[in-house]
Amino acid sequence: MNEQRNYQKEMDHLLSEITVKNQLPKLLLHSCCAPCSSYVLEYLSQFFHITIYYYNPNISYIDEYQKRITEQQKLIQHLPVKNPIQFLQGEYEPEKFYQVAKGLEKSPEGGERCFKCYELRLEATAKLAKELGFDYFTTTLSISPHKNAAKLNEIGELLAKEYDTPYLCADFKKKNGYKRSIELSKEYQLYRQDYCGCIYSKENRIQSNE
């Protein structure tokens with residue numbers, strides 16, 4: 001894992017090449033929730049045909065899962081973008097998250113359990129991107145200040161080789177991306193949760209607020 005890489009600069013270079021070539025590649029964008037996707041969609045929709053892939057088996061409660069889907073679809077419907085955004089809903093498979101989290105239940109937030117969760121969601125995205133013929137795949141997760149962008153990109157690049165589909169390296173919190181996502185969430189009155197979705201994150205949030 002290379003902490004020194006400037007992922008924003010790398011992405012800007014790629015986007016410049018796309019613009020010069022007058023291309024409009026297809027991007028499969030894994031999204032964890034509407035608020036995190038808001039800035040990413042606003043930013044990337046001018047360069048790609050984007051399909052949101054909502055696959056989040058880490059979410060422990062079905063009502064939370066469904067609420068986030070509703071908010072994601074609401075955002076897609078109302079956000080003004082240059083190119084239309086499509087939506088794909090993945091299967092709700094919490095058992096897969098519990099399998100990868102086994103033995104790591106006490107792992108600190110942002111540690112090895114989270115890395116396994118990154119890999120679970122990114123691999124599903126890479127596999128689908130390959131099957132459906134997308135030009136790139138990536139995730140909104142790096143917009144969060146609580147997510148390890150370097151680790152996300154490391155996993156993404158390894159999966160890109162495995163599934164022979166380029167991964168769009170990014171650190172979406174850069175260029176005030178996280179700040180902009182908060183602004184957009186307020187503008188579109190999006191439900192903004194205070195934990196990632198898994199039961200361990202929720203318990204950690206409760207303990208920190210006690």
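Predicted model: local features only at pLDDT ≥ 70, side-chain atom pairs only at ≥ 80, totals over all residues.
Visitor: What makes the contact of α4 with α5, and how do its residues divide by class?

Guide: From α4 come K96, F97, V100 and A101, and from α5 come R113, K116, C117 and L120. By class, this contact of α4 with α5 has five nonpolar and three charged residues, with no polar ones.

Visitor: Why is α2 described as roughly parallel to α3?

Guide: Helix α3 (residues 62–78) packs with α2 at an angle of about 25 degrees, and the axes are 9 Å apart. Angles under 35 degrees count as roughly parallel, and α2 is therefore placed in that class relative to α3. The crossing of α2 and α3 is right-handed. A34, S37, S38 and L41 of α2 make the contact with E71, Q72 and L75 of α3. Three nonpolar, three polar and one charged residues make up the contact of α2 with α3.

Visitor: What is the crossing of α5 and α6, and which residues make the contact?

Guide: The axes of α5 and helix α6 (residues 149–163) come within 9 Å and cross at roughly 35 degrees. The crossing of α5 and α6 is right-handed. On the α5 side the contact is made by F115, Y118, E119, L122, E123, A126, K127 and K130, and on the α6 side by K151, L152, I155, G156, L159, E162 and Y163. The contact of α5 with α6 has eight nonpolar, one polar and six charged residues.

Visitor: What makes β3 and β4 stand at the edges of the sheet?

Guide: The open sheet has four strands in the order β3-β2-β1-β4, with parallel pairing. β3 (86–89) and β4 (136–139) each have a single partner strand, so one side of each is left without a neighbour in the sheet. On average, and with direction ignored, neighbouring strands of this sheet are turned by 25 degrees against each other.

Visitor: How do you know that β2 and β3 pair?

Guide: Two strands pair if at least two bridges are found between them. Strand β2 (residues 49–54) and β3 have four bridges, in the parallel sense. Y53 stands opposite L88 in β3.

Visitor: Where does helix α2 lie relative to the strands?

Guide: Helix α2 (residues 34–44) lies across β1 (26–30) and β2, and runs at about 160 degrees to β2.

Visitor: Why is the pair of F48 and Y136 called edge-to-face?

Guide: Nine aromatic pairs are found in a search of the whole structure. For F48 and Y136, the ring centres are 5.8 Å apart and the planes stand at 80 degrees. Centres within 6.5 Å make a pair, and planes over 60 degrees apart count as edge-to-face; the pair is therefore edge-to-face.

Visitor: Which parts does the pair of F48 and Y136 tie together?

Guide: F48 lies in the loop between α2 and β2, and Y136 in strand β4, so the pair ties together parts that are 88 residues apart in sequence.

How values were computed: Residues numbered from 1 in each chain as written. Heavy atoms only, no water. Contact = heavy atoms within 4.5 Å. Helix = DSSP H or I, 4+ residues; strand = E, 2+ residues; numbered from the N terminus. Nonpolar A, V, L, I, M, F, W, Y, C, P; charged D, E, K, R; others polar. Axes fitted to C-alpha atoms, helices over the stretch in contact; angles between N-to-C directions. Phe/Tyr/Trp six-rings, centres within 6.5 Å; stacked < 30°, edge-to-face > 60°. Parallel < 35°, antiparallel > 145°, perpendicular 65-115°, else oblique. Left-handed = near helix turned anticlockwise from the far one by under 90°.
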